[in-house]
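Dear colleague,

I am passing on the structure we spoke about, and below it you will find my notes on what came out of the analysis. Please read them with the structure open beside you.

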Amino acid sequence: MSVYPHNFAYTDSERPVPTVVRDALAPRFSVVPAARARTLRRTWLDTFDWRLHRAGLTLECVAGRGPAKLVLSGTAGERITATVNGTRWPVLAEGLPRGPLQDRLKGLTAVRALLPAAKAASTVSEFRLCNTDDKTVAWLTVDLLHPAQPSAEDPPARLSLTAVRGYQAQADRIAQCLAAQPGMFRGAPPPLDAVLATVGHAPGEYTNKVDVELSATMPAQTALAAVLLRLLDTLEANVAGTIRDIDTEFLHDLRVSVRRTRTALKLGAGLLPDGLAAEYRPEFKWLGDLTTPTRDLDVHLLGFAAGAAGLTSADPADLAPFHDYLAQRRTTEQRRLARALRSARFTALTAAWRSALTSLTPPRRGPDAAHAAARIIGRAHRRVLTRGGAIGAGSPPEQLHDLRKRCKELRYALEFFASLHDPPVRRRAVRELKGLQDCLGTYQDCQVQQQEIRAVAADLLACGVPAATLLAMGDLASHVGQRERRARSEFSGRFATFASREARARFAVLAAGARS
Amino acid sequence: MKIIATYNIKGGVGKTAAAVNLSHLAASGGMRVLLADLDPQAATSFLFRVRPRVKGGGAALIRGSRDLDKAIKGTDFDGLDLLPADFTFRNLDLILDATKRPTQRLVRLLRPLKASYDVVFLDCPPGISLLSESVLYAADLVLAPIIPTTLSLRTLDQLTEFIGGLDGHRPAVLAFFSMIDRRKRLHKEIAERLPAERDDVAATAIPALSMIERMAVERSPVTAFAPRSAAARGYAGLWAEVRARLG
C-alpha cells in the first residue's frame, strides 16, 4: 500500500535514468531493479470530441504479454479495468466487454465511438529504492514513451516515485535529491499529453463549437471570415469520419458546419465582397442537401429502440423488418454521401472556399464586428418574433418548419458572435431559444418520421412483409403522432416564453451592444 | 475482515514463521493483508526489515492517542502491510489492564481497518495473559502451532479448555504440527494419528527445515525467497486449510 507519487520528467538523454538516480541517492538509498523492463503497446482512446478527457477521464488500451487490458482512470483516483480480446477500434461502448467499465463509458460516450487518440510503445522499468536495512521505502517507475508516429521525437523519460506506506518522509527526501539533478523536472504531464505534444497536439483540441475570439472593433468582414474559416475547419475535420462512417456524430457535425456556413453567408452576405456569397451559397446548399437523407435516417434509427419499446399493442420484435429496411436504406444513402465527399466537386469547393476566405483583404470602410453582430442578431430575432407570432392553431406545418429554420439562424448568429457578448446574458437568451427549438425540432422530426413510416409501409407491403410488421408500424406511427401533437400543443407556451418582455429585453441587450 | 491469531501458550513453536508465510501467501493471492507484530521480541518486524518502533509505544496505540492506521508500514510485498512491534509491547498487559473492558480493546482498535483489509494476522507472544485474552476475543480463528510431543499436546488441550471457558465470543481453533522431525518415530506417529482423530488439527504439518531457519538470514518469507521449497509447499497447504476453515 502506498501514498501519493512524485512525478518527474527527465530531459537529459546523455545519462541513463538508473545511473542518475543511483548517483543522486547514494549512499543513503540503494536502487534495486524490481523486474525486467517490459515493453507495452499503449493506445489512448477517446471520442472524436474528447468526451472522456472533458469528463476528467483517460482510457488506455495496454497490450504486452497476455490479453490486452483497458484501463479507465480518472483525475479523482477512479480506476476501472477490463480485459479486451480482439476488439478493433473504433468501437461504440456497446461493443466493449460487458462490465463496470462498459457501464461507466456507455453514458459518457453515448452515440460516439471510441477511437485511437494516440499510440505509443512504452518501456517500463521498476526499481525498489531501499534504505540501509535494504527495506524498500519507495518504488520508482521509469517510463520511456516512443510515439507510434515516426516523425515524432520521444518525449522526456517519465519518472514516478511512490512511497511505501509509512515511508513518506524518506520518499520526500528521495524526491528532493532527484529534483536537484540536472535535466530532472518535477511534474511530468500525463502520458497522453506528452505523446500528443510531440506532434504538436493536445487533448481536447476538437470542438464543434464556433470558438472564435472576435473583438468588437475589428472589421466585420474580418470577423465573419474568421467565423467561416473556423466552420470550414470543423467541416473538414469531420469528412474522414463521415466517409468511414465511424459514428453518426461526424455527419451531424459536418452537417451543422454546412448549415452554419449557409446561415453566415445569408445573414452576412453584405459584409463579404460582391458576389462571393452568391457564388458559394448554391454549392453549400448542394452539400447540405447531400447530407439530409442519411441524417434523417440516423435520427430515425437512433430513436428506434425507444420508439419500439413504447409500443402498446404490438410486439417490438415485429418491427425488425422495418428496422432492417431503414438500416439498408441508410447504408445506400451513406455510400452515396461518401462518394460525394470524395468527389472532385467537393474537394474543389472546400479548397476554393478556403482560398477565397484567406485571400480576403479587409475593406477600408465598413462596419465593425460589434455593429454587424448587433444588426444580424437584431434582424434574425425580429424575423423569429414576426414569423412565430403569425402562427396560430390552424397554421400549416410548413409555417412551423420555416420558423424552425429562422430559429436556427438566430441561434447560429448568437454562436458566431458569442465572444462579443456577456456570457450570462447570452446563455440565458440561448436557453429560451433552445426551449423553442427543441419543441419545433421534435415536431419536425415526428413529421419526417411519420412520412417515412407511411412511405416504407407501402414499400414493405409490396415486398410481402408479415401483417404483424405493418400493424406494429401503425402502432409506432400512432405514438409518433402523439408526440407530434404534444409538441404542437406545447408550441404556443414555448413561443410565449421566448417572446416575453424579459426575453426580448435580453435580446435587446445582445443586439444593442458588445463587449469591446 | 477476518482476524487470524497465531498463538500458543508455549513459545518457540513456529508462530512467527506461520504468521509471516501465511500472510505473504494471502497477499500473493490478492488479499489485502495486515500482519500485526504483537511480540516485543519483534521477530516479524525483523523479518520484514521494518524498524520495531511505534511512535508513542503500545500505550499510545491501546489508549487511542495514536491511530493504528498511522503506525502501519508497507512491506516489500504488494498487499501486505505490517504493524511493527515496539519494545513497550512487553507492557501491553499493564496498559490493557488500565483500560475499560480490556479484552474488547484490541477488536475495537482493529474495527476501523475493516474496509482496508481482507485479513489481519495477529502474531502473539506466548503465555496466557490479558493480551492473549484480548487476542482471543478479537480473533475469528486461532492458529496454534504444536510440536508433536506429549507435553505440547497437553498445551493444546489447555488452550482449547481456556477458550471453551471464555465468556461471549469464542474463536475457532486450528492446531497444526510444526517443526516436525521426520526421523523421530514419535513425531511421525502423532502427526499422522491426531488429524484423523481431531477435527481441530490440520492435516498439513510443517516440517523442521533449515530453509525455514534461513528466513532470518534472507529477512523474507520462505514463500517469497524459495517458493518451490518443501517449506513453502507446506505453508501453502496449511493456508489452503485455513482458507477453507474461514469460508
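In chain B, helix 6 (residues 102–110) packs with helix 7 (residues 130–138) at an angle of about 50°, and their axes are 7 Å apart. Because angles from 65 to 115 degrees count as roughly perpendicular and those under 35 degrees as roughly parallel, helix 6 of chain B is oblique to helix 7 of chain B. Please bear in mind throughout that this is a predicted model.

The crossing of helix 6 of chain B past helix 7 of chain B is right-handed. On the helix 6 side of chain B, the contact is made by B:P102, B:T103, B:Q104, B:R105, B:L106, B:V107 and B:L110, while helix 7 of chain B contributes B:L130, B:E133, B:S134, B:V135, B:Y137 and B:A138. Sorted by class, this contact between the two helices of chain B has eight nonpolar, three polar and two charged residues.

Turning to chain A, the domain assignment gives domain 1 as 2–197 and domain 2 as 220–512, and the centres of these two domains of chain A, taken over C-alpha atoms, are separated by 43 Å. Seven residues from domain 1 of chain A and seven residues from domain 2 of chain A take part in the contact between them; the domain 1 side has six nonpolar residues, one charged residue and no polar ones.

Finally, as to how the chains meet, nine residues of chain A are in contact with seven residues of chain B, and the chain A side of that contact has two nonpolar, three polar and four charged residues.

Key:
Residues are numbered from 1 along each chain as its sequence is written. Chains are lettered from A and ligands numbered from 1 in the order in which they are written. This is a predicted model: local features need pLDDT of at least 70, side-chain atom pairs count only at pLDDT 80 or more; totals for chains, interfaces and linings use all residues. Two residues are in contact if their C-beta atoms, placed from the backbone, lie within 7 Å. Ala, Val, Leu, Ile, Met, Phe, Trp, Tyr, Cys and Pro count as nonpolar, Asp, Glu, Lys and Arg as charged, and the others, Gly among them, as polar. Axes are lines fitted to C-alpha atoms, for helices over the stretch in contact, and angles run from 0 to 180 degrees between N-to-C directions. Helices (H or I, at least four residues) and strands (E, at least two) are DSSP runs, numbered from the N terminus. Angles under 35 degrees count as roughly parallel, over 145 as roughly antiparallel, 65 to 115 as roughly perpendicular and the rest as oblique. A crossing is left-handed if the near helix is turned anticlockwise from the far one by less than a right angle, and right-handed if clockwise. Domain bounds come from an automatic or database domain assignment.
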